[in-house]
Amino acid sequence: VYVLATTAEEWGLLGARAFAEEPPIPLDNFVAAFNFDTVAIGPRGSAVGFIGEGRTPLDAMIKQAIADMRRELAPRERVEPFLQRQDGWALLQRDVPAVVVSNAFGDEALLNAYLAGDYHQASDNPGALQLGGAIDDLLLHELLVRRLADPKQYP
């Protein structure tokens, strides 16, 4: 498990692109990359937006994990516009299976309100965090990582 924190997403994914151009380990060693950006918007039980669907070999595993957690998958057309706006795009372009799996993209009205409100503003503060949805997403990612690490489930 490799944890990466990037910067300057808003200015063209500069941190992610720098990592992809000069990775400390070969990119072909990466089995999956999960972008944890934009979380804690939806409440517990919110639908899951899956950015990167159809572009990696992870689809079946991710969809099964979502179903196993009794969560709904948001429509692909809702999340598709965000594909190139997130850090995983820099890795996806270099054949690293990179996705975003988040409740933030599960409810169109909540997402639009967030983007039209405090998104990337000084007024954005932790007071509006939806910890129930964040915990749901954390548990989903834990399940995904466990399945990816198990050669019986993901060779």
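Is Asp-95 buried or exposed? Asp-95 is exposed, its relative accessible area being 71%. The structure is a predicted model, with a mean pLDDT of 90 across the protein. This briefing covers confidence, pockets and backbone geometry.

**Confidence**
- A pLDDT of 70 or more is reached by 100% of the residues.
- Helix α2 (residues 59-68) has the highest confidence, at a mean of 97, whereas helix α5 (residues 108-116) has the lowest, at 88.

**Largest pocket**
- The volume of the largest pocket is about 1300 Å³.
- Its lining comprises 45 residues, of which Leu-4, Phe-34, Asn-35, Phe-36 and Asp-37 are the closest to the centre.
- Two or more lining residues come from each of α1 (14-21), β1 (33-34), α4 (88-92), α5 and α6 (131-149).
- The lining of the largest pocket divides by class into 29 nonpolar, 10 polar and 6 charged residues.

**Second largest pocket**
- The second largest pocket has a volume of about 160 Å³.
- Among its 15 lining residues, those closest to the centre are Glu-9, Thr-38, Arg-85, Phe-105 and Tyr-119.
- The lining of the second largest pocket contains 7 nonpolar, 4 polar and 4 charged residues.

**Positive phi angles**
- Most residues other than glycine have a negative phi.
- Arg-70, which is not a glycine, has a positive phi of about 60 degrees; this residue lies in the loop between α2 and α3 (76-79).
- Arg-70 counts as exposed because its relative accessibility is 79%, above the 50% cut-off.
- Asp-95, also a residue other than glycine, has a positive phi near 65 degrees and is located in the loop between α4 and β3 (98-102).

Methods
Residues numbered from 1 in each chain as written. Predicted model: local features only at pLDDT ≥ 70, side-chain atom pairs only at ≥ 80, totals over all residues. Heavy atoms only, no water. pLDDT = per-residue confidence, 0-100. Helix = DSSP H or I, 4+ residues; strand = E, 2+ residues; numbered from the N terminus. 1 Å grid on protein atoms, 1.4 Å probe; cavity = no way out; pocket = protein on both sides within 12 Å on 5 of 7 lines; lining within 4 Å. Points joined across faces, edges and corners; volume = space filled by probe spheres on them. Nonpolar A, V, L, I, M, F, W, Y, C, P; charged D, E, K, R; others polar. Buried < 20%, exposed > 50% of the residue type's maximum accessible area, 1.4 Å probe, protein only.
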